[in-house]
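Subject: Structure handover

Hello,

Here is the structure for you to look at.

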Amino acid sequence: RSVEIGYRSAGGRPESNVLSESLMLTNDENIVDLKIAGQYRINDAAQYLFNVRTPDTILRQMMESAVREVVGQSTMDFVLTEGRSEVATRTEQRLQAMLDAHATGLTVTSVSMQDVQPPEQVQSAFADVVKAREDEVRQKNEAEAYANDIIPRARGQAFRDIQEAEAYKSQVVAKANGEASRFVQVMTEYEKAPLITQERLYIDAMESVYSRSQKVMVDIDSGGNNVLYLPLDRMRSSGGNAPRVDLNNLNYPTTGNSTNTSTTSSSAQDGSRSRGGR
């Protein structure tokens, strides 16, 4: 035999709702529209016939009371989502205890939840709430995925910046220490031989300057009295590969002795061969 709470079904006719049975109040003061069905059998015929006047009606009332008690102890979200099977199980246990206490001779074989929804009047609002919760879960998942992606990269970038800063620090400190040590060594040598040290510093400076610049070197006999015209633009543009220039083929008026002129990319040591030339 079967019993239905919240609806009625008869043969092939569509189900009809019984709102007076299906509307139930939850623990968080919300209302749910719940439909539940149960199956039972007569376990003791004597108790079924003589202890209760209308055992089938009593069973329906007890089942409605049991399910209302279980729903009243649960929240709306629990009843609508993961608690559906638990509500049915607890209702079956509570109903059987009540039937045994009144010696009705009935045994419940199963209780199943047919449907549970918010009331029809608020279903649209409830759908919005459900959608908002789904959006919340989705955005949380997206935020966690973004955090899992950006945080390791940020930590890696920070670690790399720290390593680069440490390397730069070590480079600067080592260079400063080297410059200080070199200055101390030069100072020591200068104190021993000032003139020689000055000469050496001058040569080093000139070598540094000449190594980074183009040079046109003209070597004229000391006894000559020549007025030279040199194509410096062409000579400079040819760089270190410039050929030697024959002054005899240049257009210039000359008197006196012959002259040798060359363009070359020489070292500072060639440019400072003699102090007199400087």
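Start with Glu-29, which sits in the loop between strand 4 (23-25) and strand 5 (31-42). Strands here are DSSP runs of E with at least two residues, helices are runs of H or I with at least four, and both are numbered from the N terminus. Glu-29 has a positive phi of about 65°, although it is not a glycine. Most residues other than glycine have a negative phi. Glu-29 counts as exposed because its relative accessibility is 69%. The cut-offs are under 20% relative accessible area for buried, over 50% for exposed, and partly exposed in between (1.4 Å probe, protein chains only).

Before you read on, note that this is a predicted model: local features need pLDDT of at least 70, side-chain atom pairs count only at pLDDT 80 or more, and totals for chains, interfaces and linings use all residues. Residues are numbered from 1 along each chain as its sequence is written, and side-chain values use heavy atoms, with hydrogens and water left out.

Ala-103 also has a positive phi, of about 50°, and is not a glycine. Its place is the loop between helix 5 and strand 6 (106-117). Ala-103 is partly exposed, at 24% relative accessible area.

Now the chain overall. It has nine helices and eight strands. Of its 278 residues, 26% are buried. Take the contacts (heavy atoms within 4.5 Å) between residues at least 6 apart in sequence: 68% of them join residues at least 24 apart.

Two buried residues are worth a look. Glu-21 lies in helix 1 (residues 19-22). With a relative accessible area of 9%, Glu-21 is buried. Its side chain makes a polar contact with the side chain of Arg-8, at 2.7 Å. A polar contact is a pair of N or O atoms within 3.5 Å; within protein, one must be able to donate a hydrogen and the other to accept it, and residues adjacent in sequence count only if both atoms are side-chain atoms. Setting aside neighbours within four places in sequence, Glu-21 is in contact with Glu-4, Ile-5, Gly-6, Arg-8, Arg-60, Glu-64 and Arg-68.

Gln-96 is in helix 5. This residue is buried too, at 17%. Leaving out residues up to four places away in sequence, Gln-96 touches Leu-106, Thr-107 and Val-108.

Next, the helix pairs. The axes of helix 3 (residues 55-72) and helix 5 (residues 84-101) come within 8 Å and cross at roughly 135°. That angle makes helix 3 oblique to helix 5. Axes are lines fitted to C-alpha atoms, for helices over the stretch in contact, with angles from 0 to 180 degrees between N-to-C directions. Under 35 degrees counts as roughly parallel, over 145 as roughly antiparallel, 65 to 115 as roughly perpendicular, and the rest as oblique. Residues making the contact include Leu-59 and Met-62 of helix 3 and Val-87 and Arg-90 of helix 5. The residues of this contact divide into 11 nonpolar, two polar and three charged. Ala, Val, Leu, Ile, Met, Phe, Trp, Tyr, Cys and Pro count as nonpolar, Asp, Glu, Lys and Arg as charged, and the others, Gly among them, as polar.

The axes of helix 6 (residues 123-192) and helix 7 (residues 194-210) come within 6 Å and cross at roughly 135°. So helix 6 is oblique to helix 7.

Best wishes
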